Amino acid sequence: MNKSGLVIRLAVVIIFTAVIVGLITTQLFYRFTFLNEQALGEQSINQLFNTVSPTASIASYLGDEELAKEVVNGLISNDVITAAAIKTDVLMVQSDNYQKSANILEFTLFSPFQKKRKVGVLFVKINKKFLANKADNISATNAFVVAIEALIITIISILVTYYVITRPILSIGRALHLISPGTHQRIDKPVSHQKSEIGLLVDDVNSLLAKAEQQMLREKSLRSEVQVLESRFRMLFENATSAIVLVEPQGDILLYNETFERLVEKLELSLKKNYGNYLQDLFIMKKDLHEQVQIAFSNNESAVVELELISYQDEKIWVQVVVTQLITDDFQENYQITLHDISKRKQQISLLDKRANYDSLTNLLNRQAAEQHLKKLTLTSVSFALIMMDLNDFKPINDIFGHDAGDELLIHVSSQMMKSLRKADVLSRWGGDEFVVILPNATKQEVKNVCEKLAAQLSKPLHLSQHNKSIFVTASMGASFYPDDQVELLELIRSADKAMYQVKKNKSANEALYLEFCSDITHEKKDSKL
Amino acid sequence: MTKFIRTLTFLICTLLSISVHAQESLAVVVNKENPVDELSRSELIDLFMGKYVAFPNDEKAIPVELKGEHEIKIEFYQNLVGLPLSRVNAYWSRLRFTGRKRSAVFQSNESDLIAFIIANEQAIGYLPESQITADLKVVYILNE
């Protein structure tokens, strides 16, 4: 049995109390009995005195020793009296063990004939020991009785407590121990406690269990609701066409969806836990990303940046990156980064761009694009040379061999000329058989060199398979310099044009290069004027 | 039955006699030659109840009693110690067991008593006042 169990504890307390109360009661009873016995002893001595007083009086009166002895002996034959003595004026009769001490009662003896005449004194010593023994005996009996009573009360108390209180409580406790909350299990009320406090306790426990069950059911339904919601969110998240990633400020990825996984696969990168802040390692232009994010966040907005992804494939992948700052419930800063694939759009845009700026036949920049380029150069104050070029005798070719042959020749000339140009140089088709070459930061000599090369290249013959004939063309060129010749773009073009026409007008069949510098024309004009 | 009637008659007579002698005081008398002139009540009791056998002057004393249940005797003891004669007799009976002897002399009637006192110098006795003679000396008078 459990040492600190209810029954044991109760038994200990009851037994302890019984012992203490028994001891106190016995002690008190002993004192009381002793005093009572003492009083009784005195009373019996008084009675004894009353019995012997006539004889004692006579003995004292007469001074009769024999009679006095008779009285004394009679007295000490009593248990209550240890010693006795009679004293008169002439006589002192005493028992053997008589000594003057405390505990001696004195009785005055009067004459039997004269009630006021003192004739002697009777001394009586009470037998204290006898009284104490008597009291002891009575007390011992009493203590025994009290002990038996205490024992019986203790046993009955323990039994009653055990059967009425402890056992039902223990059985309730055991039942409660076996019950798992949240089920419809309840505790049975003990039969004898339908309306007692223990019954009430069971009722309360049962109502508590009912509440717990209700709450658990509610939680269960809530949980299933949350599960459904979660699965929907998951579906939404996992099936999103855009890659969605949740990252910490240091760049650690908390969550990503399948689309992101596929994207990383497509980039032929390994799936890592961290791609730097805002996934920066995935993009070519990291700087742009950081700038845009900073600007957007300082305005409390989501950052939207279009960036190209690092890719080892030919195909360029462009994405629109949306970085949104999220603050969690516990005030943690996280970023939601969404990557929308915009490669197709980019491609379309570049295609449109191409269509707008390039000549569809020769794949050279068209006039509009060339003009734009020129404008840009003037705005950035870059010096350049502008060469206006027109094919000589192109019209007859068109007329003789047809437009297809003319187109073929134009394509041929264009591709030949591209070979002799630097990367920064621009060749554009100005219209018809007219071309414009832009050479940034070129000296007059350099221009001349380039033009010689161009002339050599373009005049390479083209074999027309349809006509089984090889043809070739030459070109007249006029060059002007920005900003040395003209600052105005239109004037610059016009002067180059003028120089070109000058060449065309004066051309002779033997000349290898038909090039005129506009500056030379003005000089000639000046010369002719002069 | 007869005994009862006798006792009853005797009792009635006794009562009557008491009433007769009620007015008459009893006197305690001694021989004329006795040097004692007067006794206190206590001395008287001590002499008659056996405490002392001598007068205060240490002369031997002989108490003279009437025999049986004499009216005067009854009255005397009633007056002296306030006890009926039966109690007085019981007293003497008790003392007899302790071996104490009474020193009193018993006389059948008043005249014998008077004669004994006159003849004996140490005698002391009691009489109704009316019977006192010149040969006797009164030492105490018992009043009601």
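**A walk through a predicted two-chain model**

T17(A) is found in helix α1 of chain A, where helices are DSSP runs of H or I with at least four residues and strands are DSSP runs of E with at least two, numbered from the N terminus. The model is a predicted one, in which local features need pLDDT of at least 70 and side-chain atom pairs count only at pLDDT 80 or more, while totals for chains, interfaces and linings use all residues. Residues are numbered from 1 along each chain as its sequence is written, and chains are lettered from A and ligands numbered from 1 in the order in which they are written.

T17(A) is partly exposed, because 14 other C-beta atoms lie within 10 Å of its own; on this scale a residue is buried with 20 or more such atoms within 10 Å, exposed with 12 or fewer, and partly exposed in between, the C-beta atoms being placed from the backbone.

A150(A) belongs to helix α3(A), where it is buried together with L131(A), K134(A), A135(A), S139(A), P168(A) and I172(A). Among the elements that cover these buried residues are α1, β4 (118-126) and α4 (197-238) of chain A. Helix α3 of chain A, which spans residues 128-178, has a kink of about 45 degrees centred on Y162(A), the bend at a residue being the angle between axes fitted to the seven residues ending there and the seven starting there.

As a whole, chain A has 13 helices and 16 strands, and 25% of its 530 residues count as buried. Of the contacts in chain A with a separation of 6 or more, 55% join residues 24 or more positions apart, a contact being two residues whose C-beta atoms, placed from the backbone, lie within 7 Å.

Further along chain A, five strands form an open antiparallel sheet in the order β6-β5-β9-β8-β7, where two strands count as paired if DSSP finds at least two bridges between them. From one strand to the next the twist averages 25 degrees, with axes taken as lines fitted to C-alpha atoms, for helices over the stretch in contact, and angles running from 0 to 180 degrees between N-to-C directions. Strand β5 of chain A, residues 243-247, runs antiparallel to β6(A) and is joined to it by three bridges, and L246(A) has L255(A) in β6(A) as its bridge partner. An unreviewed UniProt entry annotates residues 229-264 of chain A as "domain: PAS", with the caution that UniProt positions are given here in the numbering used for the model, feature names are shortened, and annotations may be inferred rather than shown by experiment. That span is 47% helix and 25% strand, and its end C-alpha atoms lie 28 Å apart.

Another strand of chain A, β12 (residues 434-440), is largely enclosed by the rest of the structure, because five of its seven residues are buried. Strand β10 of chain A, residues 384-392, is joined antiparallel to β12(A) by seven bridges, and A385(A) has L439(A) as its bridge partner there. Strand β11 of chain A, residues 426-431, also pairs with β12(A) in the antiparallel sense, over five bridges, with V426(A) partnered by I438(A). The hairpin of β11(A) and β12(A) has two residues between the strands, and in it G432(A) takes a positive phi near 50 degrees.

The contact between the chains takes nine residues from chain A and 10 residues from chain B. On the side of chain A that touches chain B, α1 (6-62) and α2 (65-76) of chain A each supply at least two residues, and the largest share, three residues, comes from α1(A). The residues of this side divide into five nonpolar, one polar and three charged, where Ala, Val, Leu, Ile, Met, Phe, Trp, Tyr, Cys and Pro count as nonpolar, Asp, Glu, Lys and Arg as charged, and the others, Gly among them, as polar.

In chain B, five strands form an open mixed sheet in the order β3-β2-β4-β1-β5. Its edges are β3 (105-107) and β5 (136-142) of chain B, and since each has a single partner strand, one side of each is left without a neighbour in the sheet. Strand β2 of chain B, residues 62-66, pairs with β3(B) in the parallel sense over three bridges, and E65(B) has F106(B) as its bridge partner. Helix α5 of chain B, residues 110-119, packs on the sheet, touching β1 (26-31), β2, β3, β4 (123-128) and β5 of chain B, and its direction makes about 145 degrees with that of β4(B).
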